[in-house]
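Subject: Structure handover

Hello,

Here is the structure I said I would pass on. My notes on what was found in it follow below.

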Amino acid sequence: MEGQVSVKIEDKIVEVSFYHPASNSFPSVQLQKLTDVLSDLNKNKTVTLIVLKSEGEKAFCAGASFDELLQVSNLEEGNRFFSGFANVINAMRKSNKLIVGRIHGKAVGGGVGLMAACDYVFGTEKTAVKLSELAIGIGPFVIEPAVSKKIGTTAMTEMTLAATEWKSAQWAFEKGLITKLFSSTEEMDDALVQFTNQLSSYNPDALYEMKKVIWQGTENWDNLLYERAAISGRLVLSDFTKNALNQFKK
């Protein structure tokens with residue numbers, strides 16, 4: 001399965017949703033689809049706001065596709081795969097529209113990176129986050145700049161080194177990874193509609209200028225994230241990682 005990315009436009013708001021049957025994990029083809037959609041939306045002058053969400057009622061995003069990681073056989077393939085997450089994060093930060101994340105469930109690895117790259121995040125008490133990369137022999141190198149920017153180096157380090165530990169929605173809210181926390185999906189969706197309708201009514205030029213302020217100082221990410229992708233691309237070839245991925249699949 002390559003996974004799906006869909007777009008729904010209503011007035012000034014565009015809903016971008018993704019789906020993959022393996023807990024909304026991302027193979028490289030789907031990462032490219034998401035990157036292309038986000039980049040193409042920059043040309044749409046009628047839309048001022050993006051809502052990023054995933055389908056289903058369980059996981060928000062399980063990160064990288066383990067099946068594809070196991071198939072990586074050389075440095076070029078590894079670099080190309082992890083560059084997919086770099087492409088998405090860079091597309092999110094370069095978007096000329098504010099991005100609001102709707103996080104209904106668990107997020108792992110790259111899923112946490114997507115949360116961190118959103119400008120504003122709605123979550124529920126079912127949301128939980130984990131950076132499990134060290135447990136499989138790599139590290140959250142590509143997404144680290146986005147996560148650290150959002151919650152700080154100390155909290156990022158806490159998540160990274162406790163690679164098997166889920167952090168609760170309350171923890172994520174207190175650290176700033178979640179902006180608004182709700183007890184149920186229904187409550188979240190009601191508040192999300194009200195918030196996005198209000199936000200989309202503001203001056204689009206002012207929203208864009210605010211977007212630039214939010215991401216000021218990240219211009220070096222055009223190079224940094226791809227340098228980080230090369231690190232993960234090398235580590236994923238190790239016997240440690242191959243064995244760990246197989247154990248996780250079992």
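The largest pocket has a volume of about 520 Å³. Of the 30 residues in its lining, Ala 62, Gly 63, Ala 64, Phe 66 and Val 108 are the closest to the centre. For the terms: on a 1 Å grid over the protein atoms alone, a pocket is an open set of points where a 1.4 Å probe fits, with protein on both sides within 12 Å along at least five of seven lines, and a lining residue has an atom within 4 Å of a point. Grid points are joined across faces, edges and corners, and the volume is the space filled by probe spheres set on the points.

This is a predicted model, in which local features need pLDDT of at least 70 and side-chain atom pairs count only at pLDDT 80 or more, while totals for chains, interfaces and linings use all residues. Residues are numbered from 1 along each chain as its sequence is written, and side-chain values use heavy atoms, with hydrogens and water left out.

Back to the largest pocket: helix 2 (66-71), helix 3 and helix 11 (239-249) each supply at least two residues of its lining. Helix 2 has the largest share, three residues. (Helices, H or I with at least four residues, and strands, E with at least two, are DSSP runs numbered from the N terminus.) By type, the lining of the largest pocket divides into 16 nonpolar, 10 polar and four charged residues. Here Ala, Val, Leu, Ile, Met, Phe, Trp, Tyr, Cys and Pro count as nonpolar, Asp, Glu, Lys and Arg as charged, and the others, Gly among them, as polar.

The second largest pocket has a volume of about 340 Å³. Its lining has 14 residues, and Ile 13, Glu 15, Val 51, Val 193 and Thr 196 lie nearest the centre. Two or more lining residues come from each of strand 1 (4-10), strand 2 (13-19), strand 3 (49-54) and helix 8 (185-200). Helix 8 gives the most, with five residues. The lining of the second largest pocket divides into four nonpolar, two polar and eight charged residues.

Next, helix 5. Six of the eight residues of helix 5 (residues 144-151) are buried, so the helix is largely enclosed by the rest of the structure. Buried means under 20% relative accessible area, exposed over 50%, and partly exposed in between (1.4 Å probe, protein chains only). The buried residues of helix 5 are Glu 144, Pro 145, Ala 146, Val 147, Ser 148 and Ile 151. Their cover includes helix 3 (75-94), helix 4 (110-117), helix 6 (153-161), helix 7 (169-175) and helix 10 (221-235), with contact taken as heavy atoms within 4.5 Å. Just after helix 5, Gly 152 has a positive phi of about 90°.

There is also an open sheet of three strands in the order 5-7-8, with mixed pairing. Strand 5 (107-108) and strand 8 (167-168) are the edge strands, each pairing on one side only. Two strands pair if DSSP finds at least two bridges between them. Strand 7 (residues 128-130) and strand 8 pair in the antiparallel sense over two bridges, and Ala 128 has Ser 168 in strand 8 as its bridge partner.

Last, the loop between strand 2 and helix 1 (28-40), where Ser 23 is found. Phi of Ser 23 is near 55°, a positive value in a residue other than glycine. Asn 24 is found in the loop between strand 2 and helix 1, and its phi is near 55°. Ser 23 counts as partly exposed because its relative accessibility is 42%. Asn 24, at 3% relative accessibility, counts as buried.

Regards
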